[in-house]
Amino acid sequence: MKADPLGVLTGAHYLDGDFAAGEGAMAAGCRFVAGYPITPSTEVVERMSRRFPMMGGTFIQMEDEMASMAAVIGAAFTGTKSMTVTSGPGFSLMMENLGLAVMMETPCVLVNVQRGGPSTGLPTMTGQSDMMQARWGSHGDYEIIAMSPKSPQESFDLMIDAFNLSEIYRVPVLFMMDECVGHMTEKVIIPEPDEIDIVPRKLTDKKPGEFWPYEVNNGELVPEFARAGDGYRFHTTGLTHDYRGYPDMTVEGQWKLVTRLMDKINKNVDDIIRFEEEETDGADVVVLSYGITSRVARLAIEKAREKGVKVGVIRLIVVWPFPEKQIREMAKKIKGFVVPEINMGQVVLEVERCAAGNCTTTSVPHPGGGVHDPETIVEAIVGAAK
Amino acid sequence: MSRKEIRITGFGGQGVVLCGHIIGHAYSIDAGHEATMIQSFGPEARGSACSTSLVLDESEVLYPYLQDLHILLAMSQDGYEQSKDLLNAKGVVVHESDLVVPDLKKGQKGYGIPSTRIAEEIGRVIVQNIVMLGFFAAVTLLVTKELWESAVMDSVPAGTEELNMKAFQAGWDHFEENYGDGTPKKETVETAF
Amino acid sequence: MSAQAEAPTIDMDNVQPEDHPIAPFIRMDRMPHIWCPTCGIGTVVKCYAAAMEKLDLDPKTIAIVSGIGCTGRVAGYMNYDAFHTTHGRAIAFATGLKMARTELNVTLFSGDGDLSGIGGNHFIHAARRNMDLLVVLVNNFTYAMTGGQNAPTTPLKAISSTMPFGNFDQPFNLPHLAASCGASYVARWTSLHIRRMTKTFEEAMQRKGFRFIEVIAPCSTLYARRNKLGTGLNLMQFYHDNSEIRHGEDTRNVDIGFQEKIICGKFVDEPEKTTYHENMHTHYEQVLGDKYVPMPPEGGWRDE
C-alpha cells in the first residue's frame, strides 16, 4: 500500500528533527495522536495538530502521559494508526500502558525525545539515558522494538519504518530520538506518496463468530486483527489471556503467552535489526554508537584513523532488539569495542554481554546536556587498540 | 576548510531564528550542501538575548555545536557580548550598527548596517532581520544572490514575499554602497574560515 | 390463533442458560462469573443487558471498557467489543477508542477506586470535555479486589482494612464531582433499584456526552462484614429503607454518610449539551471551511 497523499509533504524542507518525525508519522498514515506537552518533544505534536485537520487526523491533548498512552491503545484498536510523543518524565509515566500495549499486541508508536535525567534533569538539553528504560521500563518480561535516528532526515525516513514494524509484529515501537536531533534543523527530503510503502493493518478475513483475537495460525506468531466496531465482539485484557482473549490464570497460560510475545520479536530479529557497518573487516577497534552520538563518533573515528588505528564503525539504527549474533561474531575478531553514549553506560552493557570476554569493551560515558568532546572518544579508541 | 560556523544573536522578537533558518535553507536546500542549525532553547522571555547557531559543511555535519566560530551576526549588544569570545581570531562580525558597537580584536573584521532604520524606511520594522540577511548575504556570499533570494521566498509567510524581497535587496544594496568597491566578493570573509 | 397471545410456558426443568433473555448480551461461555454471592455488580450488568434488550441497538456499534477491580471485570462478561484495561485508565483508553471511531457508542463499567481514585484525573477531564462516554461507576465504598482497603468513597467512620479504627479521610460526593466538571447527565441508584436503573441505562444510552451513573452496590464480603452490616438481604433492606429519590436534586446535597440516607435519582440531564467531538467538528468546519478533512466515523484513514 502507498501513502495517503494528504499526509505527505513532498519536497525539500529545512526542518528540525521533531517536525521531521511528525511529518514521517503523517506520511506513514498516522491519524491519531494523543499527547501531553513536554520539552523537548512538544514540537512533534504542534506540527501534527496543525496539519491533522486537513488530512482526517485527530489530535487530542490529554490530561497526562498515562492518559495519552492509554488513548493511543484505544484508538489503535479501531484500526487507526496511532502515536504519542513525550520525553523522559513522560516516558516514565507511559511505562504502565506501554505494558498494556505489549500485552494487547497493539500496533502503535511512542516517540521519546530524550533529555538529561534523572527526574526533571535537563529539560532543554540532550541525553540518551532512557535506552535501558526503553528495553526494560515496563514491568514483566517482554521484547520491544526501539530505534534511534541520527538526523532530521532519518527521523522522517525511520518513522515510516517504525509504523510499518509496529503493524507487522503488532508491537509498540519506541522511537528514541534525542534532544539534539529533535531540535536540530537540517535538510529533509520528503518523497512522493507513491514512493512510500505503508504496511496496512492485517485485518482478519474470518467472519464474526469464527474469530478469536489471539488465535495464531500454525507456525505463525502474530495474530490477525479485528477492528472495534466491525462486529467481531472480541475481548482483550491486560491479564494473561488465552487465544480467545479471556483471562487465563495458569502457569501454562503464562508460559504460552509470554513465550509467544517474546518469540515474535526474537525469532524475527534478522528482519527487524537495522544497523550500518563500515570497515569492520580487519579492524582492531569497532566504535558502536547510535543517534547523534554516531555523528560525533564519526569525527573521532576520522581522527583516530589519522593516528593509524584501524577503526570500524557500527551504527545502530534499531537498538532493540540488539544485533547480538553480529556483535558476538565481531568480538572474536577485534581487540575491543568502544561505546560512546550520552548516558553513564547503558547499551555498552549489552555490547559487553555479547562480547562475552572475547574482546574488551570500553564505555565512553556522558551524563547528558551536550554531546561528547570527540577527543574523549579518540582517546578511548587509541586505548582500545593497544 | 569546508566547515563554516555561524552564530546569530539578537533579542527575542527580532527574528533571529528565521534568519538562521533562511541561511540554512539557502546553503543546504538551494545550494546543495549541508547546514545544521541548533537553536538555543530556554525559558528566554521576549526581549532578552537569544541565539541560533549554524554549522555549514560540504558533507554531513558531524559535530553540530560550535567549535570555532567564524561569523557572528549580532543584532543586539547583549547578544554580541554573550558570544564575542567564541569568535575566532580572524572572525567576522556582521552587526546592526545602531544597536551594536563591536569591540573587534586585531584580525577580526566588522561590517555594520542600520538595518532597523532601513526596515522602518521600507515601512515595516518587522523585516529588520531580512534587511540584515540581505546585508549578510552580500558580505559572506556563501551562496549566489539568486539562491539567497529563493531561500527567502521559500521561508517567509505567504503574502509577505514582496515586502521581504524589498528588505533583502535593501540590505544587499547597503553593502554595495558602503563597502569595498561596491561588489560583493567571496574574499570578504574567506579569511575567517 | 386466538387474538389474545397466550403467556409463554417455561419448562423450568429444561431451561438452559442460553435461553435467558439477556444471554445474547453476555459471554455465556464465561459463566459463572467471579463475583461473590450478594455482590451488586451482577445486578448492574443484568440491568444494562436488559436495557440493551429493549433498545435493540446494532451490537457492532457498542464497545465496553473497564479498568481494574471487581467492576473492572464487567468488560470481560459483556458480549461486545470489550476492553479490560489498566487500573484507572479506562476513561483515557475509551477516549482514544471513541475519538478514533466516533460512530462507536462506548460504555465504561468500573469501580469507585478505579474511576475516582487512581483514575480521578481522567474522570474530571473527560467530564470537562463532555466526552461522549457512558460511565457506569459501581460504588461499593471500598477497594474490594485487593481486600477491602479504604477508598476515596469510603464514608467517614466506616472501617476498612487500611482504616481499622474508622475512616477519617473525607470521601468524594461523586455526582457532584461529575456535575461540577461538566457532565451532561448524572444519576445515582442503588443496586436495589432494578427497574429505575434499567430505565436510566436506557435513557442514558440515547443521550450523548459524558453520562455518569453511580450505582451504590453492596460488598458483603468485605465492606459490610468489617462494618457488621449483615449480609445480602440486610443490605438490600437498608437500601430499601434509606434511599430517597429526589430527581433534580442539587448535587451538593447528595453526599453519603456512614449508614445514612442515600439520595437517588437523576440529578443532571442536558440532552443538548454538545460533546467534545461535536465541538471539534463544528469548530474546524467554521475556521477551516473546505480545508477541513474530518476523520471517517469508522476510523482508520481515508481509503482512496
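Lys150(A) is buried, at a relative accessible area of 16%. Buried means under 20% relative accessible area, exposed means over 50%, and partly exposed lies in between (1.4 Å probe, protein chains only). The model is predicted: local features need pLDDT of at least 70, side-chain atom pairs count only at pLDDT 80 or more, and totals for chains, interfaces and linings use all residues. Side-chain values use heavy atoms, without hydrogens and water, while residues are numbered from 1 along each chain as its sequence is written, and chains are lettered from A and ligands numbered from 1 in the order in which they are written.

Lys150(A) forms a salt bridge with Glu60(B), and their closest N and O atoms are 2.8 Å apart. A salt bridge here is a side-chain nitrogen of Lys or Arg within 4 Å of a carboxyl oxygen of Asp or Glu. Glu60(B) sits in the loop between β3 (49–57) and β4 (69–74) of chain B, and Lys150(A) in the loop between β7 and α6 of chain A, so the pair joins two chains. Glu60(B) is partly exposed, with a relative accessible area of 28%. A network of salt bridges links Lys150(A), Glu186(A), Arg295(A) and Glu60(B).

Over all chains, the count comes to 52 salt bridges. One of them pairs Glu23(A) with Arg51(A), with the closest N and O atoms 2.7 Å apart. Glu23(A) lies in helix α1 (residues 17–27) of chain A and Arg51(A) in helix α2 (residues 42–51) of chain A, so the pair ties together parts that are 28 residues apart in sequence. Helices (H or I, at least four residues) and strands (E, at least two) are DSSP runs, numbered from the N terminus. Glu23(A) is buried, at 0% relative accessibility. Arg51(A) is buried too, at 16%.

Arg353(A) and Glu350(A) also meet in a salt bridge (2.9 Å, N to O). They are 3 residues apart in helix α12 (residues 347–355) of chain A, so about one helical turn separates them. Arg353(A) is partly exposed, at 39% relative accessible area. Glu350(A) is buried, at 13%.

## Strand β8 of chain A

Strand β8 (residues 172–178) of chain A has 7 of its 7 residues buried, so it is largely enclosed by the rest of the structure. In a regular strand the side chains alternate between the two faces of the sheet. From β8(A), Pro172(A), Leu174(A), Met176(A) and Asp178(A) point one way. Val173(A), Phe175(A) and Met177(A) point the other way.

What are the partners of β8(A)? Strand β5 (residues 108–116) of chain A runs parallel to β8(A), joined by 7 bridges. Two strands pair if DSSP finds at least two bridges between them. Gln114(A) stands opposite Asp178(A) in β8(A). Strand β7 (residues 145–147) of chain A also pairs with β8(A) in the parallel sense, over 3 bridges. Here Ile145(A) stands opposite Val173(A). The chain crosses from β7(A) through helix α6 (residues 152–169) of chain A to β8(A) in a right-handed β-α-β crossover. Right-handed means that, with the strands pointing away from the viewer, the path from the first strand over the helix to the second runs clockwise.

## A nonpolar patch on chain C

Ile10(C), Met12(C) and Val15(C) make a nonpolar surface patch of about 320 Å². Met12(C) lies in the segment before α1 (41–55) of chain C. Met12(C) counts as exposed, at 60% relative accessibility. Patches use residues with over 30% relative accessible area and no salt bridge; like charges are joined within 9 Å, and nonpolar side chains (Val, Leu, Ile, Met, Phe, Trp, Tyr) within 5 Å. Accessible areas come from the Shrake-Rupley method with a 1.4 Å probe, and for residues only the protein chains shown count as cover.
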